[in-house]
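Me: Could you help me learn to read a protein structure? I would like to go through it one feature at a time.

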Amino acid sequence: MKPVPSQNLNQDQFNLVAAAIAALDTTYNPYSGYSVGAAVRTQTGKVFSASNVENAAYGSTICAERMAIGKANSHRERHIVALAVSSRPDIPNKRHDTAAPCGSCRQVIYEMSQVSRCDIEIILSDADKTRVFLTTIEELLPFAFGPKQLQIDISKFR
Ligand code: THU
């Protein structure tokens with residue numbers, strides 16, 4: 001995946017990345033010290049942001065992406081069209097790779113793409129926007145498993 005210059009982002013993309021970066025400061029990350037902020041934009045233009053929330057039982061940690069999706073859902077906003085993810089390790093200036101959604105988050109993002117019936121745009125960036133990548137859920141999770149495979153009708157949740 002090739003980085004795109006941050007100046008090339010349109011206003012909606014720029015605002016979503018800004019919301020994800022702002023959410024970095026709300027992280028609860030005593031175990032990893034790694035901050036992740038995520039923001040989703042819905043079809044109505046609303047933005048919901050959240051960060052990673054860790055747990056002493058490490059596996060109970062919830063990623064920023066799923067927190068942001070849950071927050072949108074709790075406002076009855078399920079038609080997600082775009083997601084921005086920003087990451088910041090606790091050791092400044094240490095070389096690190098830009099975070100991309102983990103496997104579980106990709107599966108949850110895919111589910112929401114079946115609700116919104118669109119290939120959710122995903123913007124990955126570092127906290128200082130030195131690296132920005134544009135992708136989509138179908139690129140990150142090709143040939144995915146979803147409600148169609150189970151022949152489940154999710155239309156009443158739209
Ligand atoms: N994390 C996220 O919030 N999103 C991801 O997609 C990758 C990982 C969090 C979970 C944990 O709090 C920390 O990053 C280190 O794994």
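**The ligand and its pocket**

Reply: Happy to! The ligand takes up the space of the second largest pocket. A pocket is an open set of points, on a 1 Å grid over the protein atoms alone, with protein on both sides within 12 Å along at least five of seven lines. A molecule sits in one if more than half of its atoms lie within 2 Å of its grid points. This is a predicted model: local features need pLDDT of at least 70, side-chain atom pairs count only at pLDDT 80 or more, and totals for chains, interfaces and linings use all residues. Residues are numbered from 1 along each chain as its sequence is written, and side-chain values use heavy atoms, with hydrogens and water left out.

Me: Which residues are around the ligand?

Reply: Among them are Ser 32, Tyr 34, Glu 54 and Pro 101.

Me: Which atom of Asn 52 lies 2.9 Å from an oxygen atom of the ligand?

Reply: Think of a polar contact, a pair of N or O atoms within 3.5 Å. For Asn 52 a polar side-chain atom lies 2.9 Å from a ligand oxygen. Ala 64 uses a backbone N or O atom, 2.9 Å from an oxygen atom of the ligand. With Cys 102, a backbone N or O atom is 3.0 Å from a ligand oxygen.

Me: How many salt bridges does a search of the whole structure find?

Reply: Side chains of opposite charge can pair when their charged atoms come close. The count is three salt bridges (a side-chain nitrogen of Lys or Arg within 4 Å of a carboxyl oxygen of Asp or Glu). One of them joins Asp 25 and Arg 88, whose closest N and O atoms are 3.0 Å apart.

Technical notes:
A residue is near a molecule or strand if one of its heavy atoms lies within 4 Å of it. A polar contact is a pair of N or O atoms within 3.5 Å; within protein, one must be able to donate a hydrogen and the other to accept it, and residues adjacent in sequence count only if both atoms are side-chain atoms. On a 1 Å grid over the protein atoms alone, a cavity is a set of points where a 1.4 Å probe fits but cannot get out, and a pocket is an open set with protein on both sides within 12 Å along at least five of seven lines; lining residues have an atom within 4 Å of a point.
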